[in-house]
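User: Please take a close look at one chain of this assembly. Then carry on to the other parts in one connected account.

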Amino acid sequence: MAMAIALIVLAGGSVLFYFLSPWHLTPLASNWGAIDVTIGISFWVTGVVFLAISLFMAVALIRYRHQRHRRALYEPENKRLELWLTGITTLGIAALLAPGLFVWGDFVRVPDDAHEVEVVGQQWHWSFRFPGRDGVFGGARNALIDEANPFGLVSDDPHGQDDVLVDRPGVLLPVDRPVKVLLRSKDVLHNFKVPAFRAKMDAIPGQVSYFWFTPTRTGEFQAVCAELCGIAHFAMRARVQVVEPERFEAWLAEQPTHGELIARGPGNPEAGKAHYAACQACHGARGQGQQATNAPRLAGLDADYLRRQLHNFRVGARGTREGDDYGRQMRPFAQSLPDEAAIRDLAAYIETLPVAPTAATVEGDRRMGERLYRSCATCHGPQGQGRSAYRAPRLAGMSDWYLVRQLQHFRAGIRGRHPRDAYGNQMVDMAQVLVDDAAIRDVVAYIHDLPGTASAVARTPGEEE
Amino acid sequence: MTLTLVLMAVLMGGIALWLFRQSLHVQPWVAESGPGRSVPAPMTASRTGLGVFLAVVTSVFSLTISAYLMRREMGTDWRSLTVPGVIWVNSALLVLASLALQLAWRAAGHGQEGRLRQALLAGGGLTLAFVAGQGVAWVRLEAAGYYLAANPANAFFYLLTVLHALHLLGGLVAWGRVLVRARGGAPAVQLRPSVELCALYWHFLLLVWVVILGLVLAT
Amino acid sequence: MHEREYDASSQAPPAEVEEMELVHPRTFLGKYIWSQDAKVIAVQYALTATAIGLVALVLSLLMRLQLGFPNSLSLIDPGSYLQYVTMHGMIMVVYLLTAIFLGGFGNYLIPLMCGARDMAFPYLNMLSYWVYLASVLILVAGFFVDGGSSGAGWTLYPPQSITPGTPGADAGIILMLVSLAVFIIGFTMGGLNYVVTVLQGRARGMTLMRLPLTVWGIFMATVMALLAFPALLVAVLMMLLDRTLGTSFFMPEMLSMGEGGDHRGGSPLLFQHLFWFFGHPEVYIVALPAFGIVSDLIAVHARKNIFGYRMMVWAIIIIGALSFVVWAHHMYVSGMSPYFGFLFATTTLVIAVPTAIKVYNWVLTLWRGNIHLTVPMLFAIGFLFTFVNGGLSGLFLGNVTVDVPLSDTYFVVGHFHMVMAVAPVLVIFGAIYHWYPKVTGRMLDPTLGKVHFWVTFLGTYAIYYPMHFIGLQGVPRRYYAYGETTFISDSVQSLNAFITIAAFVVALAQLLFLFNLAWSYFRGREAGPNPWQATTLEWQTPHTPPRHGNFGEELPVVYRWPYDYSVPGVRADFIPQNVPPEAVEREAPAGQGGGS
């Protein structure tokens, strides 16, 4: 009896749960309403079958529970009944399958008027490429990727010169215009998923996959990775903004093309030296940092990271939060730089500053720190040398008191919550691994002892022996 | 995958047909006083066992070959390799080994202990020569610059031939046990079931070898 | 070879296994450790599988801890979390479920139910267990090597699985691959035995259509495993070569740690095809034995013949065959040509028809039965309910369009745990409660059993059912944390905490079960030879537990199918398979011959 009641309650409760649960599909923002309809059909058909079978079982358990003088019916087969049931099931399955295949027919055929965007996955960020004025993507290969050519474009392919490159995890798309998303991966499998768009697909190294959709609603959406891609898989996100076509075109025009980026080249350290005069007072003449002025060491950081942080300070993606007093002090200095070119020059100059050892000011358990550092090592390097491919700055030898403060800020969300600070946002997630201040001190104490030489760049610690 | 699927379909189809014949007109709930027959006599446990095992080996090789064909189609880097001449000598050796074991099977059936031992020895020796010859082929390929990691065609060639050689070496274990028993003076007729299994297994691996060689030459 | 003279019109030839020589060891070691008795091997398999399964259970609790109460333990960092995910999945699917159903129940039940003295090749059978044990030890060694076990997810998708930076990419993955290869070799040894014993070792009169459905399920699962595991073997060998010798079967041109790697042109999709060519049949390798066993549990405890026996057999065969042509439904969003979606969605949904027929026949067997709600029966009904739920959510994921938003979310996690974890495990429990009296001679304590059932059944439902709905919202699977992901509502965190608590409660109930197993072994009620009054041959042995050789002096002769329960006009409500028609005690004078 208890079993029968349990079945009735569970089956009924399960169906009710569908209506009452607080979790539903995210509000649709693309043309794939048909996918939602197929999900709805599936819920109705399976819900009815589920209730029917469960209740049938419950009734059987009540009516035919063991009684001393009852004898079960002896009935080996009932061909008619079995045929009927097979027929009805086949019909039910067809009712589920037919709409699904119908919609899939739309899914595989990209409309002719779709514009194209390439999504490139990499551990652990997304970047984007548009075909440019000629409407044709230039050829690309993973083997050609380096710092100057992050998309691996084939240099002598004329189609590639005007390709618009967005080398950060944020993209704009025009509303109501079908878009064909081409997917490529630089390393492992990824999957570009925006729940509100419904459609998604894996990105595979060595080949190009695709899907299409039409954004139907303006707004901001989060894209995530939906194919396990390593330890920071859960923090691999991108910002997708669906905007009016005019705004999209304006934004696209601002983005650099491949040709422009190559022509621009790296910053000029000589020009940057002049800008550095304003930094000296706090950060020291050789960028060694001073705890007294709460200015961290700069020497040793790569130009890419410096550029990004200066940019963040300038646009208010960093140094605006309550609680980040020293970051707020930094902001006016970054704003005093005349333009992005000045930022590039300054960063290039700081990169040339010599690296001298700093004194340890933080005490912690280095063995605990070593274990904790495993979560950091892939991006920041096993020697703490930093890896610009992962957008991860050097940690070894940097001001340890500063690292402690930044980790605390990341953990509390004081740094990294701004929507334009995508990599800071990943650090907010990763910093949660450090469960308390003691853990932060442990890992920083360990980091301080790291050599920071890039000799062992390509290998993880275990492989050196 | 198509190749594997076709093989699987044939296999499954065979099983289904056989079951169909066993079950179509049976009403299982009817009790019978004279129990029905169960197993036809020529189906011994070891023959069935060999049959099942060969099905497994077929699956291994057909999947590897499916992977071969798919990888060839998916990548753009496939460069076929030139088979060294020694392969033809090896093929002849394997054919002879298979023949020798066929003779051994016949000798066992006729109770000729002496001929059985000779044929067994010849079969095993030729097989060892084949494996050694494959080793020569691998060394020659390396020397000619067909490194394992240099190209998928090379990698698949090494993979397939090593898998095949390993299966032969596994067969040699069974062959060794038969040989020991034959030397110990066991009557030929008693050895017949084991010799028979060896011969069938060798014929099968010869067939596999022909398929592998044909595949490598054709692509 | 003995060419026996054989007259088809008279009697069947004695089965081969009948005159086999059994090795009767005298020492303790020979009896219980190096035993060639399938029953001992079965227990060895079951105990090993349970032990490693408990390790996987602990791993799942660690994962739940992180999801329910994020970062409460600094031990669980993102790398370790993925290692738990990987090892939990691999152990549960291959080393627990496959091993316990085929190696455990297969070994125990096939010879007994077929009426054979032992497996066809007992020595090979013994070897099979030891090779399996070796594979388990190699796998476990992965926990202790530098860098730990692999953290690539149980699917081991390249390039990730062998790329530096992935947890365990140094040594763990190699041990994992070697362990899988060893497991497959060991399984093939055992599998040959199961298939040949069913084909050759049946007692006189045991035609194929008189086999209990348990044997049918295990038999078909073994056939599938023998054909499907080679796909994994090939994939594993190729990946080993990619990892150790630098070939490019699966490894494409790609960056490794942000720099150029050495591989060129390999295809990650090729691995996925091979993996799922094994992986999907694997689902049914676990499911079919469960289907078979549950059919017998329901028939015995409802005192009613299984409804539509022939349909049930054919459903098993059709499911087995179809399961080889549905593999790519795991790859709808993998980047393979989307046109495959049409084909695989169709085949996948077609397989639902024979599966549905099995469900109908189970519930129709309950109808107009005489249902004893014993502990095995409770578990069987728990299975039916869970399986129907999980099977129906499978219709979402098999349907290519519906799968697109749901794949790689908690909907998938909920679905496959319901259908592939909870459902088969409920059957395993039911089967243990059912056959424990035969294995040990004593009953398991029914009160503890009922507590165990209710906590497990309700607890697992509470764990997995809500997961479908957060999956609907888009919560991705294999995520260490959801901190900064904005489309996930805050209530998901409360639900995760609830699920974690439920998981710990369910895990505690398993301790109760282990206690019951140990306690009843010494103190359980004496069971007698046939406590459930079942018809199949294992309950008709002269000794309980059966001795080596199973059936004493003479092998049984079979006269009827295994479902002669409540036959009209017969006094007892069951007729064992080896009772000849003339020996059946009838109630009234109007009997019409054994059951029709």
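## Chain B, then chains A and C

Analyst: Of the 219 residues in chain B, 41% are buried. Buried means that 20 or more other C-beta atoms lie within 10 Å of a residue's own; exposed means 12 or fewer, partly exposed in between, with C-beta atoms placed from the backbone. This is a predicted model: local features need pLDDT of at least 70, side-chain atom pairs count only at pLDDT 80 or more, and totals for chains, interfaces and linings use all residues. Residues are numbered from 1 along each chain as its sequence is written, while chains are lettered from A and ligands numbered from 1 in the order in which they are written.

Chain B has six helices and zero strands. Its element order is α-α-α-α-α-α, starting at the N terminus. Helices (H or I, at least four residues) and strands (E, at least two) are DSSP runs, numbered from the N terminus. Along the principal axes, the C-alpha atoms of chain B fill a box of roughly 70 × 45 × 20 Å. Take the contacts in chain B with a separation of 6 or more: 82% join residues 24 or more positions apart. A contact here needs C-beta atoms, placed from the backbone, within 7 Å.

Chain A does have strands. Five of them form an open sheet, ordered 4-10-9-6-7, with mixed pairing. Pairing requires at least two DSSP bridges between two strands. From one strand to the next, the twist averages 25 degrees. A:Gln222 has A:Arg239 of strand 10 as its bridge partner. Helix 5 (residues 245-254) of chain A packs on this sheet and touches strands 4 and 10; its direction makes about 140 degrees with that of strand 4. Axes are lines fitted to C-alpha atoms, for helices over the stretch in contact, and angles run from 0 to 180 degrees between N-to-C directions.

Now the boundary between chains A and C. Here 107 residues of chain C contact 100 residues of chain A. Helix 11 (residues 375-398) of chain C gives the most to its side, with nine residues. That side of chain C holds 59 nonpolar, 35 polar and 13 charged residues. Nonpolar covers Ala, Val, Leu, Ile, Met, Phe, Trp, Tyr, Cys and Pro; charged covers Asp, Glu, Lys and Arg; the others, Gly among them, are polar.

Note on methods:
Two residues are in contact if their C-beta atoms, placed from the backbone, lie within 7 Å.
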